[in-house]
Amino acid sequence: MQTKVLSAKMYVLGEWIGQEETFDVFDPQNNEIIARVPKASKEYVTHVIDQAAEAFYSISSWPTHERIQVLKKAADYIEEYHERYAYTIAREGSKTITEARGEVSRTIQTIRISAEEARRLKGETINFDQMEGSENRTGYYFRFPIGVIAAITPFNDPLNLVAHKVGPALAAGNPVVVKPATVTPLSALLLAEAFDQAGVPRGFLSVVTGSGREIGDALVSHPEIKMISFTGGVGAGDKIAEKAGRKKLGMELGSNSPVIVLQDADLHEAVKASVSGAFSAAGQNCLGVQRIFVEKNVYDEFTNMFAERTRELQVGDKQSEWTDVGPLIEEKEALRMEEWVEEAVSMGAKVVQGGKRNGAFYDPTVLIDVPHEAKVYYEEIFGPIVLIEPVEDVQEAVIRSNEVDYGLQAGIFTANIDHAFYAVHHLHVGGVMVNDSSDYRIDEMPFGGVKQSGLGREGVASSIHDMTETRVVAFKLTQPWSI
Ligand code: NAP
C-alpha cells in the first residue's frame, strides 16, 4: 500500500505558508517519504525575523493573563490530540510509540509550567541606602522581555525540546522563530498548530523549515535576534556561536554520560535504570548512559545482569506497542555505530551483547575492556552502545568519569552518603543523580552542562530568566527613605 505523502506548510506570522522549493521527510525505519516540507530561503528567514520584531515593538506590552491563557489553551489542545502528536513523533523520528507518548505528556507539562511561571516573572526591591550618600533613594528592578528569540532544535525530542524554547519565550513575552531539525520538522509544525488554535498573537511564533547549513547564518546573525536558544551537537553549536556576534546564547549540547555503581548499591535497581538510560530512544538521548564504572567486587555480577536485561529488549517496528528499541534516525548513523564498534574491537574491546546492524537498526550493544583511546570511550556515541569498566573505588570512578570533554549529567548508585557526596562535589557535570542513572530530568529543573556540553541552563524558570533582562528603577526622594 502506498502511504499518502503529506504536503506540509510552515507556520509564519499567523499563516500557513508554502514555498516553491521543498524537501522530503522520511520514516527512518523503512525510508518511506512521509511529507514534503517547504524549504525557506535566507531572504525569507530575514523577512520573518523583521516581521517578528515589528510585532514585538508594536505590542508594547502583551498582558501576562493573555500569555497564560495562550499557553494553557495550547497545552489543552495537545492533550486533546495526544495520540496524533505521539504518532507524528514516532513516524518522523526514531522513538517508539510508547516513548513518543511519554514525550507528548512531557510537552504538555512544559507548556503548563511555562503558563505558571509567566505569573512569577517578578523583580525585587533594592536597598539603595546601603551606600553612603544614597539614604534618600529607593527603587527596584523589573524583568522585561528581550525581543525575538531564535530557537534551533535537534531531531531526538522533536516536540518537547521545541516546547522548552517556545513555552518560556512566550511566557516572558518574546516572539520566537523556530528552526526545527530537517529530519523531524513535522512535530514542531504540529506544536505551532496548537499555539495557532490557542490564539498566539501574529508574529509571536513562526516555524521556518529548511537546512541549518543554508539558512542558519541568516537566522543567527540577524540583528533583531536577541537570543539564540540552541539544542544540538557541539559542531553546529560552535558554528552558531561564531556567526552570532554579540548576542545571548543558550547552548544545550552533547554528552558522554557516566554512571558509577558502588559495591553497596542495589544492583537490580542500578541495572534496571542504566539499561533504560542507555537504550531508550535507541540511545539517541543527550542524557543517555554511555560509560558505566563498577566497583570491582560486583563488576562480574553487574555485567552479567546488565547483558541479560539488554538481551530481553525487543528491537523493531516503532509503531508496535511491544517494541522497546526503534531504529537510528538515519542508516548512516547505524553505519557509524558499526564502524566505532569495529574500531574498539580492533583495539582490544569485547562485545558482550549486540554488535549487529540491520539497515537503520543497531542492536543494543554492551562492550567491555574498551581502550580509552577508542572513539566509543571519549566521543559522544548518541546510539545504543554502552561500555562497562571495573574501578577500584569511588575516587577512581570519578577520575574516569571526568576524563572526557563533556559534562551534562552523571549517576551514582550507592548506599553510602559520604561516597554520594564525594561524587556530587567532584564530578564535573551539570547534574548528579544519586541512585539513578544520568537519564533523569523533570522539565522545571535547571538543566544543562559544563565543558563541551553547553552554556547556560534550560528548564522553564531558568529559560525565562535568560529570555528577560532587568531594568533598574531608582527614585531620588526629598526625604531619607530608611526611616
Ligand atoms: P545537530 O546536527 O547539531 O542539529 C541541531 C539543529 O541545528 C538542527 O536544527 C540543525 O539543522 C541545526 N543546524 C545545523 N547546522 C547549523 C548551522 N550552521 N547554523 C544553524 N543551525 C544549524 O544535532 P542533531 O543531530 O539534530 O541532534 C543530536 C545532538 O543534539 C547530539 O549531540 C545531542 O547530544 C544533542 N542534544 C543535546 C540536548 C541537551 O539538552 N543538551 C538535548 C538533545 C540533543 P538541520 O537539521 O537542518 O541540519
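The legends below describe close-up views of a predicted model.

**View A. The annotated domain, residues 18–473.** UniProt lists this range as "domain: Aldehyde dehydrogenase", in an unreviewed entry. Helix makes up 41% of the chain over residues 18–473 and strand 22%.

View B. H3 spans residues 82–92 and is mostly covered, with eight of its eleven residues buried. The buried positions are His82, Tyr85, Ala86, Thr88, Ile89, Ala90, Arg91 and Glu92.

**View C. Packing of helices H4 and H5.** The axes of H4 and H5 (residues 160–172) are 9 Å apart and meet at an angle of about 15 degrees. H4 is therefore roughly parallel to H5, the limit for that term being under 35 degrees. On the H4 side the contact is made by Glu103, Arg106, Thr107, Thr110, Ile111, Ser114 and Ala118; on the H5 side, by Asn160, Ala163, His164, Gly167, Pro168 and Ala171. The crossing of H4 past H5 is right-handed.

View D. Glu458 sits in the loop between strand S24 (454–455) and helix H15 (460–466). Its relative accessible area is 5%, so Glu458 is buried. The side chains of Glu458 and Lys165 are joined by a polar contact of 2.6 Å. Leaving aside neighbours within four places in sequence, the residues in contact with Glu458 include His164, Ser229, Thr231, Glu252, Arg441 and Ser463. Met445, Pro446 and Phe447 are also among the contacts of Glu458.

How values were computed:
Residues are numbered from 1 along each chain as its sequence is written. This is a predicted model: local features need pLDDT of at least 70, side-chain atom pairs count only at pLDDT 80 or more; totals for chains, interfaces and linings use all residues. Side-chain values use heavy atoms; hydrogens and water are left out. UniProt positions are given in the numbering used here, feature names are shortened, and annotations may be inferred rather than shown by experiment. Helices (H or I, at least four residues) and strands (E, at least two) are DSSP runs, numbered from the N terminus. Buried means under 20% relative accessible area, exposed over 50%, partly exposed in between (1.4 Å probe, protein chains only). A polar contact is a pair of N or O atoms within 3.5 Å; within protein, one must be able to donate a hydrogen and the other to accept it, and residues adjacent in sequence count only if both atoms are side-chain atoms. Contact means heavy atoms within 4.5 Å. Axes are lines fitted to C-alpha atoms, for helices over the stretch in contact, and angles run from 0 to 180 degrees between N-to-C directions. Angles under 35 degrees count as roughly parallel, over 145 as roughly antiparallel, 65 to 115 as roughly perpendicular and the rest as oblique. A crossing is left-handed if the near helix is turned anticlockwise from the far one by less than a right angle, and right-handed if clockwise.
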